[in-house]
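Look at the model below with the sequence beside it. The report that follows goes through its strands, helices, domains and chain contacts in turn.

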Amino acid sequence: MKLLYYPGCTLKTSAKNLEKTAIEVTKALGHELVEMKDWNCCGVVASLTSDDLMRHLAPLRNLIHVEDEGENKVITLCDMCCNTLKQTNLRVKEKPEDLKTLNAFMDRENDYKGTVSVLHFLEFLRDEIGFATLKKKVKNPLKGIKIMPYYGCMLLRPREVSIDDPEEPTILSDLLRSLGAETVDNPFKIECCGSYNTVEQKEIVSRRAHRITSFALDQGADAIVLSCPLCRFNLDMRGKEAEKLFKGYKQIPVYYYTQLIAVSLGLDHSVYGFDQHVVDPTLLLKKKGILESRRIKI
Amino acid sequence: MKKKIEKNKKFSKIVFKKGGLAKEVEDLCGENLFGCYQCGTCSAGCPFVDDMDLAPDEVIRYVVLDRSEVLSSKTIWLCSSCFTCAERCPRDINITKIMEALRQIILRKKIDQSNPIKISKKERESIPQLAFVSLFRKNVG
């Protein structure tokens, strides 16, 4: 089955590995992710004021282009894109008068009819593939690794656009267990990583990364798994920088869930893209015998 | 109430009539600030509260009491809209939207909070794109 997907800016630059692994994993599961034509930036953060309709134009234009391609479903990989597209979609469905204004403004585009549903890739894996089916395809189970799933904010909040329970999500730990890994629970899994404060308040974000990771360390976790490119950067890069702030602290590797699916499905090493990480993610996998050490190139 | 925040001179041109601040915030965010009973749940769950000069529940109280020095607070710029407070508020007040409204009051007077030129080349190359887009959307009018 061909599935339309919306990449967004970061997947084309600093999170190429997330895109590549998701495409290859989908292929291995017998489907195909097709990039939508003529997409634009989603705006990353949804407008929260009642009168700021202009900020909904960018996400709405993407939804219109999904309709133009004759589809009623679009898959997103980035959490922030997913959240923004979902929030705009919800806003225009709840307030038809806003949709009228937005449609009237965009004179070069067709009118949005409101038929599109936005899905996160994780939702697609859970609801359309099923973790039980995924489990059957695992060739290289992640035995012996203790992983802390980290959800962050954008997958879960606001409640109306959440992909799981906003306070007690299980989607990532269910997924990881189906891949053969052991998961550790922790209360920081739904706390913000620091988000865009990483640009101007580096130290605050480093302290957040330390707080999240040190709890995982206390519980014996070997790694963190997440889905958002900004959380990856904050926990991985700013977490590494936290080593200078906190004596004796050592950052553990951070993976995208798609990378671990690719590893456990036994896909080729060339798709993993571990070279875009700061803390080397291959060492742990080699130590646990999941990756053969001689075949890795980073 | 103890004085906690330094008034920023940049904001002296933002003036309100009596009760005008709360009205402006309510108009922008559509939330009922007077419904807040100061339980502090928002502040207890806020991941940035340690670095804030006013806790989120104090921000609401300042607005309700018409104290416009709340606009000089660091809190409104530290909030990264993670919606934890909005999710947990027992009075169903979306505090995240209140923070956005306060930011918008300042930004709509053409007072930017971030300057793209000040970001170093090294950071421009290493930080993911979505961080910049969201920072400029939140901190630049």
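A:Tyr6 has A:Thr76 in strand 3 of chain A as its bridge partner. The model is predicted: local features need pLDDT of at least 70, side-chain atom pairs count only at pLDDT 80 or more, and totals for chains, interfaces and linings use all residues. Residues are numbered from 1 along each chain as its sequence is written, while chains are lettered from A and ligands numbered from 1 in the order in which they are written. Helices (H or I, at least four residues) and strands (E, at least two) are DSSP runs, numbered from the N terminus. Two strands pair if DSSP finds at least two bridges between them.

Strand 1 (residues 2–6) and strand 3 (residues 73–76) of chain A are parallel, with two bridges. Strand 3 also pairs with strand 4 (residues 117–120) of chain A, in the parallel sense and over four bridges. There, A:Thr76 has A:His120 in strand 4 as its bridge partner. What is the order of the strands in this open sheet of chain A? The order is 2-1-3-4, four strands with parallel pairing. Strand 2 (32–35) and strand 4 of chain A are at the edges with a single partner strand each, so one side of each has no neighbour in the sheet. From one strand to the next, the twist averages 45°. Such angles run from 0 to 180 degrees between N-to-C directions, and axes are lines fitted to C-alpha atoms, for helices over the stretch in contact.

## Helices on that sheet

Helix 3 of chain A packs on the sheet and touches strand 1, strand 3 and strand 4 of chain A. The direction of helix 3 makes about 160° with that of strand 4. Helix 5 (residues 121–129) of chain A packs on the sheet too, touching strand 3 and strand 4. The direction of helix 5 makes about 90° with that of strand 4 of chain A. Touching here means contact: the C-beta atoms of two residues, placed from the backbone, lie within 7 Å.

Chain A has another open sheet of four strands, in the order 6-5-7-8 with parallel pairing. Strand 6 and strand 8 (254–256) of chain A are the edge strands, and each pairs on one side only. Strand 5 and strand 6 of chain A run parallel and are joined by two bridges. A:Lys146 is opposite A:Glu182 in strand 6.

## Two backbone details

A:Arg157 and A:Pro158 are joined by a cis peptide bond, with omega about -10°. A:Pro158 is in the loop between strand 5 (146–149) and helix 7 (171–178) of chain A.

A:Ser195 is not a glycine, yet its phi is positive, about 45°. A:Ser195 is in the loop between strand 6 (182–183) and helix 8 (197–200) of chain A.

## Two domains in chain A

The domain assignment, automatic or from a database, gives chain A domain 1 (2–122) and domain 2 (131–295). Taken over C-alpha atoms, the domain centres are 25 Å apart. In chain A, 23 residues of domain 1 are in contact with 23 residues of domain 2. Helix 1 and helix 3 (79–94) of chain A each supply at least two residues of the domain 1 side. Helix 1 gives the largest share of that side, nine residues. By class, the domain 1 side has 11 nonpolar, seven polar and five charged residues. Nonpolar covers Ala, Val, Leu, Ile, Met, Phe, Trp, Tyr, Cys and Pro; charged covers Asp, Glu, Lys and Arg; the others, Gly among them, are polar.

## Helix 1 meets helix 11

The axes of helix 1 (residues 16–28) and helix 11 (residues 257–264) of chain A come within 8 Å and cross at roughly 45°. Therefore helix 1 of chain A is oblique to helix 11 of chain A. Angles under 35 degrees count as roughly parallel, over 145 as roughly antiparallel, 65 to 115 as roughly perpendicular and the rest as oblique.

Residues of helix 1 in this contact include A:Leu18, A:Thr21 and A:Val25, and those of helix 11 include A:Gln259 and A:Ile261. The contact has five nonpolar, four polar and one charged residue.

## Chain B against chain A

How many residues of chain B are in contact with chain A? There are 33, and they meet 34 residues of chain A. Among the elements of chain B that give two or more residues to this side are helix 1 (20–29), helix 6 (95–107) and helix 8 (129–139). Helix 8 of chain B gives the most, with nine residues. The chain B side has 16 nonpolar, 10 polar and seven charged residues.
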